[in-house]
Amino acid sequence: MEAPETVSTNLSHGGVQGVYKHRSAATGTDMVFSVFVPAHVEGAKLPVVWYLSGLTCTHANVTEKGEFRALCAELGLIFVAPDTSPRGEGVADDAEGAYDFGLGAGFYVDATQEPFAANYRMWSYVTQELPALVAEQFPADMDRQSIMGHSMGGHGALTIGLTFPDRFRAVSAFAPIVAPSQVPWGHKALGGYLGDDRAGWRKHDAVALIEDGARVADLLVDQGEADGFLAEQLRPQLLAAACKAAGIPLTLRVQPGYDHSYYFISTYMADHLRWHAERLRDQAN
């Protein structure tokens, strides 16, 4: 596998924050991602935390606003942040330029509908291609991986974690879209990328996956009480009900006064990283 191009590197908390670009076979486009590697003993392999971003975002949002590096340096965690969709000349976008479909809104699925099927293969990119590149190019212990995300990325983290429970030792989310089959954002994205057959949507819906038998050891979700998307688009009570019925321990924390922004995410990022590190450490013993 060809090494990615280094876009930038910066020393931070004794580690290296890098931004990289490579040509993706999955999407047929150049893809940019960021990786923070803390200081470590030469030859050591470190656990990996994946972070999936939300609608309109790139790798840069969490890299610049997430406030994760100090604790990743302390805990010895590699932090990887992919983009949210393919980009570039010729990549299809929403015909009306809407923010919740097309560029910046790949929804972590492999599209089957034209004109999106050619490039919008974010499921394959995030679950197959990019992990293989990270394993080859960085000091990553791929036996100790976890995944988290925000909003659309929370949807991605939950569905990927539920699909690959043996790969991801911890799963958490900030304000996730827990049941896209039941909310407007999901209707638009899943219908547009996957077509009208709703049976095919279920593997990209965390609540449906749990109803269909998917299981993880436990989940952590933080949700802002003042989030403007809470009632219509996020509906964490649906995840709570599904987890209760399935016997999955869910820690769902509704945080008074917090909205959907990175002020919210950065406030609780340390809690999530410590929660992940505990589970990654236990798996290593």
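**A closer look**

Tutor: Let's go with strand β7 (residues 168-174): 6 of its 7 residues are buried, so the rest of the structure largely encloses this strand. Buried here means under 20% relative accessible area, with exposed over 50% and partly exposed in between (1.4 Å probe, protein chains only). Helices (H or I, at least four residues) and strands (E, at least two) are DSSP runs, numbered from the N terminus.

Before going on, bear in mind that this is a predicted model, where local features need pLDDT of at least 70 and side-chain atom pairs count only at pLDDT 80 or more, while totals for chains, interfaces and linings use all residues. Numbering starts from 1 along each chain as its sequence is written, and side-chain values use heavy atoms, leaving out hydrogens and water.

Now the neighbours. Strand β6 (residues 140-150) runs parallel to β7, joined to it by 5 bridges (strands pair if DSSP finds at least two bridges between them), and G149 stands opposite A173. Together with helix α4 (residues 152-163), β6 and β7 make a right-handed β-α-β unit; that is, with the strands pointing away from the viewer, the path from the first strand over the helix to the second runs clockwise. β7 also pairs with strand β8 (residues 219-224), again in the parallel sense, over 3 bridges, and there S172 faces L220.

F174 is among the residues M269 touches, as are M148, Y51, F68 and F79, leaving aside residues up to four places away in sequence (contact means heavy atoms within 4.5 Å). M269 is also one of the residues with the most contacts inside the largest nonpolar core, which has 86 residues. Helix α9 (residues 262-284) gives this core the most, 8 residues. Such a core is a set of buried Ala, Val, Leu, Ile, Met, Phe, Trp, Tyr and Cys residues joined through side-chain atoms within 4.5 Å.

Finally, R69 lies over the face of F68, 4.8 Å from the ring centre, where the cut-offs are CZ of Arg or NZ of Lys within 6 Å of the centre and within 35 degrees of the ring normal.
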